[in-house]
Structure formats: C-alpha cells, structure tokens
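This briefing is meant to be read beside the sequence and the model.

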Amino acid sequence: MECQKCHQRPATVHLTQVINGQKSEVHVCEKCAKENGYMSYGEENFTLNDLLSGLFHSEGPSPLKGQSAHSYTQKPKLKCPNCGLSYEEFARIGKFGCADCYKTFDERLNPILRRVHSGNTRHDGKIPKREGGNLHLKKEMEEHKTNLRQLIEQEEFEEAAKVRDKIRSLESQLHHREEDDE
C-alpha cells in the first residue's frame, strides 16, 4: 500500500481514528507521518531485539531480607558449554548461539518467559481439531495423569478415583479410535 500523502513511498504507519462512531483510516510513510505530526522526530525505531534485550536486563525481585544488594546482584557468569555464548552476550544480541543455550540459561529465562507469557513457560504447540483427534485425547490423558499424581500426593483419594476413572474412559476411547483407524 502506498502513502496517501506523497504517493511515492510505501505506507508504514497506519492510523485508525473513531469519532462519534465514524471511523477514518490514514496510511502514510514514516516521513509523511513525522511531517504531519502523527509521529515526533525524536522517536527512534524500536525493534523486537530492543524489547527482548530490555526484558533480559531486568533484575527481577529485590534482594531477600538479610542479604546484601551486592551479593544478590553478583550472579555467576554463565556460558553455554556447547557454543561458548555468555548470558551477557545473549542479552545484548537477543539470539541464542545453539539449542543448548536454552538449557544453560534456563534459570534466568523462566522468570522472563513467565512474565511475558502470562505465567506459562512451556509451549506444547497447537493441533488442528479435525486432524488431531487422537492427539487431543492423549494430551487430555496426560493432563489428567498429572492431576492424578498431585491428588494422590495431597491424599485426596476420592477425587483421585474420579480422575482415574476419567483416564480409563479416555484410554478406552483412544483404543476404539485406533481400532477404527486400522
């Protein structure tokens, strides 16, 4: 889409304004946006890399009681044993050097990922509903098994029996589906 003002450059700034139920849209290039007051000249481009770098430089919670601020902020220098990338280098460039970096920096990444992803630190992926019937059943069974282990640890045996019965029901459904597929 080209700029609505100069008709020379591609539109990179898209503004939508709704006043009294009337919607108006403006699509302009960065230069025209600055010239027409949609952006100020002092604003610099902010990249995803800048965002990630800012997140990784945040210090997290304050020091614990009885612990000096100096000892709290003194973290050991972490380096990936496979590629040699340090945590500081990763935080600066925003990219891992290899797959082992995830394991090496795990302790520092989890609080950041929890904050960014509303408490989630694990990504299981998505499965199309029409394609993954058995996969949905297996995933649901795994969730129930995790729940069952927690209930047993908490000695909530009546609730655990109900969850066990759900697991058996799902196993039966899965067995019948697999037989039908053969």
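This is a predicted model: local features need pLDDT of at least 70, side-chain atom pairs count only at pLDDT 80 or more; totals for chains, interfaces and linings use all residues.

Residues are numbered from 1 along each chain as its sequence is written, and side-chain values use heavy atoms, with hydrogens and water left out.

**Overall fold**

- The protein has 8 helices and 2 strands, where helices (H or I, at least four residues) and strands (E, at least two) are DSSP runs numbered from the N terminus.
- Along the sequence these elements follow the pattern β-β-α-α-α-α-α-α-α-α.
- The annotated span, residues 138-173, is 92% helix and 0% strand, and its end C-alpha atoms lie 10 Å apart.

**Surface and contacts**

- Of the 182 residues, 22% count as buried, a term that means under 20% relative accessible area, computed with a 1.4 Å probe and protein chains only.
- The accessible surface, from the Shrake-Rupley method with a 1.4 Å probe, comes to about 14,200 Å², and 50% of this belongs to carbon and sulfur atoms.
- Among contacts (heavy atoms within 4.5 Å) with a separation of 6 or more, 33% join residues 24 or more positions apart.

**Nonpolar cores**

- The largest nonpolar core consists of 10 residues, namely C80, L85, Y87, F90, A91, C98, C101, F105, L109 and I112; such a core is a set of buried Ala, Val, Leu, Ile, Met, Phe, Trp, Tyr and Cys residues joined through side-chain atoms within 4.5 Å.
- Helices α4 (87-93) and α6 (106-116) each supply at least two residues of this core, and α4 gives the most, with 3 residues.
- Apart from this core lies another, of 9 residues, among them C3, C6, V13 and C29.

**Residues C80 and F105**

- C80 lies in the loop between α3 (69-73) and α4, and C80 is buried because its relative accessible area is 3%.
- Leaving aside neighbours within four places in sequence, C80 is in contact with L85, C98, D100, C101, T104 and F105.
- The C-alpha atoms of C80 and C98, which are 18 residues apart along the chain, are separated by 8.5 Å.
- F105, not counting residues up to four places away in sequence, touches L78, K79, C80, L85, S86, Y87, F90 and F96.

Methods:
Buried means under 20% relative accessible area, exposed over 50%, partly exposed in between (1.4 Å probe, protein chains only).
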